[in-house]
Amino acid sequence: MTGRTYDEERSYLQKVGDVTWKIKKGFVPNMKVEAIVYANSALERLVFDELRNACKPGGFGGFLPAVKQIGNVAALSGIVGHSIGLPDCHSGYGFAIGNMAAFDMSDKTSIVSPGGVGFDINCGVRLLRTNLMEKDVSVVKEQIAQNMFDHIPVGVGSKGVIPMNARDLEEALEMGMDWSLREGYAWAEDKEHCEEYGRMLNADPSKVSVKAKKRGLPQLGTLGAGNHYAEIQVVDEIYDTRNAGKMGIESKGQVCVMIHSGSRGFGHQVATDALLSMEKAMKRDRIEVNDRQLACAYIDSDEGQDYLKAMSAAANFAWVNRSSMTFLTRQAFAKTFNSTPDDLDMQVIYDVSHNIAKIEEHMVDGKPKKLLVHRKGSTRAFPPHHPLIPVDYQLTGQPVLIGGSMGTCSYVLTGTEKGMTDTFGTTCHGAGRALSRSKSRRNLNYEDVLNDLAKKGISIRVASPKLVMEEAPESYKNVTDVVDTCHTAGISAKCFKLRPVAVIKG
């Protein structure tokens, strides 16, 4: 920290809209651009409390406050526009989680940073609809929850049930969902309703370490632990009937399934490997950053290119992972309802990534520019008529899937033109942590958390009951505050809300 008082730090943050704050240059050294943070009155209190605590004697334990991290990203070489903090932002490794930044591909000094993607590469969310209604599920709720739990491997160290050898893994890393489609684990329509059509074309498995492949091989088709889950949900509110209808959502009470998972130990190892190689590249190229966690390399360097190719392979791993769990979910439902996934209309509404860096074209100062857009704990939210979204959603804008904390509501939003202008087509990704994992474990009792879910009528199956404390609703910001902030700012629009009836966790 700088040794400034809280009031001195606070003077660099200026409210410039109903839910928009500007972080002025000088807040941290060498800022190339100003930063923007979105927060309504409830969320801004959390932001300022974190900053106030960091200014107290003894400083800030662990990561820097999120606003400092967002400021430090604004000091990275080649950044354009603003470093943007979404309303669910909180401290992370290097970049804040909920931080988005874009870098000019034509600038030779522009960087790529693994901290701007995160360790769980392409952690993301997939939403399936069904033609079932809540009354159909309520009578077999415990049975369907158990079938899901039995079908999908969950928890730390869980092993996949999809047959997979080293050669299959190489092909899956290169092909993404095309591998799932070829092997019969996905429907053709699934791919159409997936960001990047479920495949990063620049993936190169040869850039991935043996260690990463070894970690990933047994984990394909597994949910994992932490904040990952599969939830059976029902439509609770519809805000835009036309757009919801285009997604196959016809009425309140309709049953959906949300799957939240990523690239497991594979992606974690890819990120770890890249951070080590980039620390060496920074010394060689004399790249200066405000925080050593922002290890990075020039995009055009060997280290930068190798990371992007390995990251893309990890993104493909995550899409195959979610596709495999979709296959297992369809089996669980078919078994419970003595039907077929086809007859249950178990179509993928959409699949979005929350942790990824991608080359995209955006308007900067009135001119089209090719940018490397880092989205960490944030979601692509392209507007209607954008060429990169499916034909089905050309009139609605891209569906944006926002998972809530365990036992609370989730949302589906759509992308907007204002989002394209203000945030490079980016919006929030979820509730965002309010308490650290260690503080959650200290403050909460897992039995109380499970009892609270039962009182709400939510069935739960969990592999590690004690991990539940870290994921309790009290550990997170209010997802409705987060979504409403984005809606008010105009960077995405509310479409419909979902509430859980059963939760499957690691």
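What you see is a predicted model, where local features need pLDDT of at least 70 and side-chain atom pairs count only at pLDDT 80 or more, while totals for chains, interfaces and linings use all residues. Residues are numbered from 1 along each chain as its sequence is written, and side-chain values use heavy atoms, with hydrogens and water left out.

Let's start with the domains. The chain is assigned domain 1 (6-104) and domain 2 (123-505), with bounds from an automatic or database domain assignment. Their C-alpha centres are 25 Å apart. Domain 1 brings 39 residues to the contact and domain 2 brings 37, where contact means heavy atoms within 4.5 Å.

How much area do domain 1 and domain 2 bury between them? About 3100 Å², with 64% of it on carbon and sulfur atoms. Buried area is the accessible area (1.4 Å probe) that two parts lose on being put together, summed over both.

There is also 1 salt bridge between the two domains, meaning a side-chain nitrogen of Lys or Arg within 4 Å of a carboxyl oxygen of Asp or Glu.

Now, the helices, which are DSSP runs (H or I, at least four residues) numbered from the N terminus. The axes of α11 (residues 264-285) and α12 (residues 302-337) come within 10 Å and cross at roughly 170°. Axes are lines fitted to C-alpha atoms over the stretch in contact, and angles run from 0 to 180 degrees between N-to-C directions. So α11 is roughly antiparallel to α12, a label for angles over 145 degrees. Among the contact residues are Phe266 of α11 and Tyr307 of α12.

Key. Helix = DSSP H or I, 4+ residues; strand = E, 2+ residues; numbered from the N terminus. Parallel < 35°, antiparallel > 145°, perpendicular 65-115°, else oblique.
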